[in-house]
Amino acid sequence: MLETVIVVLHLLAAIGVVLLVLLQQGKGADAGASFGAGASATVFGSQGSSTFLSRVTAILATAFFITSLGLGYFAKEKSDVISQQGLPDPAVLEVKKEAAPVVEDVPVLEAQKPAQEAQDVPQSEDAGSK
């Protein structure tokens, strides 16, 4: 139950971080405002809304990292439970090689046709009369 909640929060944080990063302007866009570009008279001032968006992005990124650690913890607990049940570790299992196929397993080809029937180019009638 708790793992499912953490997975949902993890996905929401990931989607939120992606959306907020796409919404933000690059650092080069702010340089134009300081030189008198049209963005200096915006609602948020010459700095823009980057402080609010960057804070929300940082919070969502922190939530993403914390949920990642939580999912790693749950994965470790599951692997410990499997190892305590006496099941062999799949990483060290020996896989036996199959024996080489016996020659008798190969299907037998049909008998070859006579050489005259196997020719690709038919003989002309003139060649047969000589």
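Trainee: Why is Thr57 called buried?

Mentor: This is a predicted model, so the value is computed from predicted coordinates. The relative accessible area of Thr57 is 12%. Buried means under 20%. Thr57 therefore counts as buried.

Trainee: Where does Thr57 lie, and what is Thr57 in contact with?

Mentor: Thr57 sits in helix H3, residues 50-84. Leaving aside neighbours within four places in sequence, Thr57 is in contact with Val17, Leu20, Val21 and Gln24. Contact here means heavy atoms within 4.5 Å.

Trainee: Is His10 buried or exposed?

Mentor: Buried. His10 has 15% relative accessibility, and the cut-off is under 20%. His10 belongs to helix H1. Beyond neighbours within four places in sequence, the contacts of His10 are Phe64, Thr67, Ser68 and Leu71.

Trainee: What makes Leu12 exposed?

Mentor: Its relative accessible area is 54%. Exposed means over 50%, so Leu12 is on the exposed side of the cut-off. Leu12 lies in helix H1, residues 2-23.

Trainee: How far is Leu12 from Phe64?

Mentor: Their C-alpha atoms are separated by 8.7 Å. Along the chain, Leu12 and Phe64 are 52 residues apart.

Trainee: And Leu2, buried or exposed?

Mentor: Leu2 is exposed, at 53% relative accessibility. That is set against the cut-off of over 50%. Leu2 also lies in helix H1.

Trainee: Which residues make the nonpolar surface patch?

Mentor: Met1, Leu2, Val5, Val8, Leu9 and Leu12 make it. The patch covers about 630 Å². A patch residue needs over 30% relative accessible area. Leu12 has 54%, and Leu2 has 53%. Both values therefore pass that cut-off.

Trainee: How many salt bridges are there in the whole structure?

Mentor: The search finds 2. Side chains of opposite charge can pair when their charged atoms come close.

Trainee: What makes Lys78 and Glu3 a salt bridge?

Mentor: Their side chains meet at 3.4 Å, N to O. The cut-off is within 4 Å, so the pair qualifies. Lys78 is in helix H3 and Glu3 in helix H1, so the pair ties together parts 75 residues apart in sequence.

Trainee: Why are Lys78 and Glu3 called partly exposed?

Mentor: Lys78 has a relative accessible area of 47%. Glu3 is at 27%. Partly exposed is the class between the buried cut-off, under 20%, and the exposed one, over 50%. Both values therefore fall in that class.

Trainee: How do you know that Asp80 and Lys76 form a salt bridge?

Mentor: The N to O distance is 3.0 Å, and the limit is within 4 Å. So the side chains of Asp80 and Lys76 count as a salt bridge. These residues are 4 apart in helix H3, which means a separation of about one helical turn. Asp80 is partly exposed at 27%. Lys76 is partly exposed too, at 49%.

Trainee: What does UniProt list for residues 52-75?

Mentor: The unreviewed entry lists that span as "transmembrane region". Such annotations may be inferred rather than shown by experiment. In the model, the span is 100% helix and 0% strand. Its end C-alpha atoms lie 35 Å apart.

Trainee: What pattern does the chain follow?

Mentor: It reads α-α-α-α along the sequence. The count is 4 helices and 0 strands.

Trainee: What share of the chain is buried, and what does the surface consist of?

Mentor: Buried residues make up 8% of the 130 residues. The chain exposes about 11,600 Å², and carbon and sulfur atoms supply 64% of that area.

Trainee: Which share of contacts joins residues at least 24 apart?

Mentor: The share is 78%, among contacts between residues at least 6 apart in sequence.

Trainee: Where is confidence lowest, and where highest?

Mentor: Lowest in helix H2, residues 27-34, at a mean of 60. Highest in H1, at 94. The chain averages a pLDDT of 75, and 55% of the residues score at least 70. Where pLDDT is low, the predicted coordinates should not be read in detail.

Note on methods: Residues are numbered from 1 along each chain as its sequence is written. This is a predicted model: local features need pLDDT of at least 70, side-chain atom pairs count only at pLDDT 80 or more; totals for chains, interfaces and linings use all residues. Side-chain values use heavy atoms; hydrogens and water are left out. Helices (H or I, at least four residues) and strands (E, at least two) are DSSP runs, numbered from the N terminus. Buried means under 20% relative accessible area, exposed over 50%, partly exposed in between (1.4 Å probe, protein chains only). Accessible areas come from the Shrake-Rupley method with a 1.4 Å probe; for residues, only the protein chains shown count as cover. Patches are made of residues with over 30% relative accessible area and no salt bridge: like charges are joined within 9 Å, nonpolar side chains (Val, Leu, Ile, Met, Phe, Trp, Tyr) within 5 Å. pLDDT is the predictor's confidence in each residue, from 0 to 100.
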